[in-house]
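Me: I have a structure here that I'd like to go through with you, side chains first. Could you take my questions one at a time?

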Amino acid sequence: MLALTAPLMLRLQHLPQLAGWDVRTNIEHAPRDKYPAADVRCTGAQVADSKTGALMLSPQWSVTLVRRRSADAAELLDAALAAVIESLHSWAPGQHGGRGWERLALLDVSEAMFTDDGLAGYQLTFGTSAMYRGQH
């Protein structure tokens with residue numbers, strides 16, 4: 001499921017609305033105090049269907065958009081949010097990590113909570129699924 005990290009990052013890094021944003025993951029070593037930022041991470045996975053010898057694993061990917069509070073923060077966050085949805089919702093990642101991935105679907109949008117009161121942001125959660133084989 002982590003094989004989707006690079007293709008997700010690549011799609012987001014090419015969005016004009018995220019130009020100048022620090023697009024990063026939770027796995028790479030990167031400064032966490034650079035803003036605006038789009039933080040991409042796999043937050044977990046559910047077993048959607050389990051049969052003898054195989055299962056469908058459904059990971060959830062979050063994209064947290066964060067920037068410093070300002071007079072234009074809402075407008076800039078809204079533009080970034082719309083661009084991320086347009087880029088990822090219904091996008092078929094294809095083959096990665098030896099698996100064919102289903103189209104991504106937006107599952108949830110929620111306000112992101114930060115310990116720094118000077119930050120504002122929203123978290124978008126997307127889901128997809130792929131078959132994993134086990135023992136027969």
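Me: Which side chain does the side chain of Arg 24 make a polar contact with?

Reply: The partner is the side chain of Asp 22, at 3.0 Å, where a polar contact is a pair of N or O atoms within 3.5 Å, within protein one of them able to donate a hydrogen and the other to accept it, and residues adjacent in sequence counting only if both atoms are side-chain atoms. Please keep in mind that this is a predicted model, in which local features need pLDDT of at least 70 and side-chain atom pairs count only at pLDDT 80 or more, while totals for chains, interfaces and linings use all residues. Residues are numbered from 1 along each chain as its sequence is written, and side-chain values use heavy atoms, with hydrogens and water left out.

Me: Where does Arg 24 lie, and is Arg 24 buried or exposed?

Reply: Arg 24 lies in strand β1 (helices, H or I of at least four residues, and strands, E of at least two, are DSSP runs numbered from the N terminus). Arg 24 counts as buried because its relative accessibility is 4%, buried meaning under 20% relative accessible area, exposed over 50% and partly exposed in between, with a 1.4 Å probe and protein chains only.

Me: What does Arg 24 touch, beyond residues up to four places away in sequence?

Reply: Its contacts, meaning heavy atoms within 4.5 Å, include Met 9, Lys 34, Tyr 35, Asp 39 and Val 40. The C-alpha atoms of Arg 24 and Val 40 are 6.1 Å apart, although the two residues are 16 apart along the chain.

Me: How many salt bridges are there?

Reply: The count comes to four, taking a salt bridge as a side-chain nitrogen of Lys or Arg within 4 Å of a carboxyl oxygen of Asp or Glu. Arg 24 and Asp 22 form one of them, at 3.0 Å from N to O, and Asp 39 and Arg 24 form another, at 3.7 Å. This second pair links distant parts of the chain, with Asp 39 in strand β2 and Arg 24 in strand β1, 15 residues apart. Salt bridges link Asp 22, Arg 24, Asp 39 and Arg 41 in a network.

Me: And which residue does Arg 68 meet in a salt bridge?

Reply: Arg 68 meets Asp 116, at 3.1 Å from N to O, and this pair also connects distant parts of the chain, from strand β3 to the loop between β6 (105–111) and β7, 48 residues apart. Arg 68 is partly exposed at 41% relative accessible area, and Asp 116 is partly exposed at 31%.

Me: What about the backbone, where is the cis peptide bond?

Reply: The cis bond joins Tyr 35 and Pro 36, with omega about 0°, and Pro 36 lies in the loop between β1 (22–25) and β2. Separately, Ser 90 has a positive phi of about 75° although it is not a glycine. Most residues other than glycine have a negative phi, and most peptide bonds are trans.
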